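Biologist: Please show me the model, and then let us set some of its terms against their definitions.

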Amino acid sequence: MSWQREVDEIQRRKALAREMGGPEALEKMRAAGKLNARERIDMLLDPDSFCEIGSLTGAATYDQDGTLVDILPSNAIIGTGRIHGRKVLVSADDFTIRGGSSESTISDKWIYAERMALDLGLPLIRLVDTAGGSVKLLEKQQSTKLPGYTTWEQLRMLGEIPVVGIALGACAGLGAIKVAGAHLSLMVKDQSYIFAAGPYVVKEGLGIDVNKEQLGGSSVHARGSGLVDNEAKTEADAFDQTRRFLSYLPPNVHTLPPVAETDDPADRKDDWLLEAIPREKRRAYQVRKIINAVFDRDSFFEIGRYSGRSSVTGLARLQGRPVGVLASDPAVAGGAMTLKSSQKIESFVDFCDTFHLPVVSLFDQPGIMIGPDAEKSGTIRAAMRALAAIDQSRVPWCTIVIRRAFGVAGAAHGRLRGLNLRYAWPSASWGSIPLEGGIAAAHRREIEAAPDPEARRQELTDHYVRYTSPFRTAERFGINDIIDPRETRPLLCDWVETAWQQLPQLLGRCGRTMRK
């Protein structure tokens, strides 16, 4: 009466599934310096935490008596696991089976994984290594299919659960969407490639010879187009970044972000901050050094460093509480809002609003990027979308104006409606237009007609500069306060405690989806 024979059959089939595409295909992966899908899952997750779903799925071969001869497993490996003890859902492409092609498997399986993550409120991690569709399937299916997956709720997921997409090989078509359609997208340098269609299709369609790196390598997307957020040195680095990213986030929009323990004192004051901003207005400074001095030690996780580089976005902690960090880098385009940086700000603010992350803005904004190239690219439109995202946000904001806030872009310091806490360092200045450009525009004829134009320009500068002191604005309560830069961390640690008390009212109110 025992069921041992059937239990043995389960184990036999699972053993066949673990063989994946077979010894030859696995050796090719190793020779290329790549991990296989199961090795990747093991490296990503806490030890022995992976619970596979659908391990028996595949194309089976039977003899005349109906006995199983062999089975080619599905090239989608899915299941739950844990990262730092917190449950996640993983979906991995097995490249050893038909190049991981999304159409060479049972699509219901990977779609089931994504819907399961959504329904259970679990973060979803996609390990993407897929060649996309395959023309060879036409003969097998004896038909074509209308593109699209009606049961795939891609956009809804982005508004409810954290999604990470990691490109681990050449990702074309659907594979590209799986990576880019995520809150954090990663590529491995010299290993990952993302494109709508690969080099062979580009050659046939456009007559252009181009290799994978030129078409869609990390230099194109992680350091240029902004399609991908971060570049990883290795697969291990990509998994480390994934684990760190998720540590700041709740599992879904119905819970608050996790609070970490810290021994970094709330009243820590870094004397270096007193001289962080040069008195010479045209000199740049080290914005990331300021970030590291203000937030919990070693807590800053930057997102999108190499695209839209005049803006700095990332996650950090204040007394263990996760927050979004928004700043400018004056070493790039003077910190101005370019097309790419505006798009980055918009996407980042939407992300923080979705997952209830209060935002700290270390603000230094000279304005929207000027010049022929900026006008041709429609930079103003992108900047206005970023401003709209900021004003539509609902999470608490705290702005520290550390140097400039000018023009339309100056309004990007924080939400204008509702309670918006705004402080300034003594180095701050603001207005409708920077003083230098304003004087040149308003007094052009007068300066040109003067016996000594430069002397007259300096006289006008000395006249107007007296009105630009932040203390004059503070006298009219146009700013909450002007603070000693060394007091920034204590102030923010006090603020984040109050901000955290406001978050429960946002639970369950899904934010806008990513607009990359």
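Biologist: Which element supplies the largest share of the lining of the second largest pocket?

Modeller: That share, 3 residues, comes from α8. This is a predicted model, in which local features need pLDDT of at least 70, side-chain atom pairs count only at pLDDT 80 or more, and totals for chains, interfaces and linings use all residues. Residues are numbered from 1 along each chain as its sequence is written, and side-chain values use heavy atoms, with hydrogens and water left out.

Biologist: What makes a residue part of this lining?

Modeller: On a 1 Å grid over the protein atoms alone, a pocket is an open set of points where a 1.4 Å probe fits, with protein on both sides within 12 Å along at least five of seven lines; lining residues have an atom within 4 Å of a point. The lining holds 22 residues, and among the closest to the pocket's centre are Phe-195 and Lys-212.

Biologist: How do the residues of that lining divide?

Modeller: There are 12 nonpolar, 6 polar and 4 charged. Asp, Glu, Lys and Arg count as charged; Ala, Val, Leu, Ile, Met, Phe, Trp, Tyr, Cys and Pro as nonpolar; the others as polar.

Biologist: What span is expected of helix α20, and what does the helix reach?

Modeller: The expected span is 1.5 Å times one less than the number of residues. Helix α20 has 15 residues and reaches 21 Å, close to the 21 Å expected.

Biologist: Which residues of α20 are called buried?

Modeller: Buried means under 20% relative accessible area (1.4 Å probe, protein chains only). The residues of α20 that are buried include Leu-491, Trp-495 and Trp-500.

Technical notes. Helix = DSSP H or I, 4+ residues; strand = E, 2+ residues; numbered from the N terminus. Buried < 20%, exposed > 50% of the residue type's maximum accessible area, 1.4 Å probe, protein only.
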